[in-house]
Amino acid sequence: MDIARHIALIDELCFRPFPAGHGHHLVVLSGSRGLRGGADPAERAVTVDQYEKERDAVDALLTERWGESEILSLLTVLLRTERAGEIPEPWAELSARARVAYLWEVAGTGRWVALAVADRDTADEVRLLAAVTREAPP
């Protein structure tokens with residue numbers, strides 16, 4: 001767990017230009033390489049717990065800086081995606097991969113930061129994700 005590295009990357013993404021054609025950055029802060037479908041459910045649960053603790057540690061530091069995070073239910077976003085079809089990125093991808101996102105609107109940048117533990121798909125590895133976008137959450 002390298003919280004300082006995570007914070008430094010999020011800080012950088014708050015000011016880095018977005019890639020051409022995209023209004024967001026989506027990065028893997030930590031990933032459980034090799035822990036894919038068929039993995040022992042108990043081992044997967046331990047990994048999810050580890051990444052949730054890592055997310056909470058990043059949340060604590062960003063809360064000191066930007067104020068209390070909002071918690072967005074990505075299940076609601078996923079349901080809207082299925083019904084409406086048009087949910088902007090990175091929210092559509094986050095909702096397909098994670099259950100909740102911790103959010104901040106970063107004053108003076110016009111950008112939003114989201115932290116999420118991607119554990120929705122048991123056939124995929126568990127990841128701690130950060131998204132930085134100018135698209136407000138749906």
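Predicted model: local features only at pLDDT ≥ 70, side-chain atom pairs only at ≥ 80, totals over all residues.
Which helices and strands do the buried residues of helix 2 pack against?

View 1. Residues are numbered from 1 along each chain as its sequence is written, and side-chain values use heavy atoms, with hydrogens and water left out. The buried residues of helix 2 pack against helix 1 (3–13), strand 1 (24–31), strand 3 (100–106), strand 4 (111–118) and strand 5 (127–133). Helices (H or I, at least four residues) and strands (E, at least two) are DSSP runs, numbered from the N terminus. Buried means under 20% relative accessible area, exposed over 50%, partly exposed in between (1.4 Å probe, protein chains only). Among the buried residues of helix 2 are Arg44, Tyr51, Glu54 and Val58.

**View 2. Val58 and the largest nonpolar core.** This core has 21 residues; a nonpolar core is a set of buried Ala, Val, Leu, Ile, Met, Phe, Trp, Tyr and Cys residues joined through side-chain atoms within 4.5 Å. Val58 is one of those with the most contacts inside the core. Val58 touches Ile3, His6, Ile7, Ile10 and Leu115, not counting residues up to four places away in sequence (contact: heavy atoms within 4.5 Å).

**View 3. Ser30 in strand 1.** Ser30 lies in strand 1 and is buried, at a relative accessible area of 14%. Its side chain makes polar contacts with the side chains of His6 (3.5 Å) and Glu54 (2.6 Å). A polar contact is a pair of N or O atoms within 3.5 Å; within protein, one must be able to donate a hydrogen and the other to accept it, and residues adjacent in sequence count only if both atoms are side-chain atoms.
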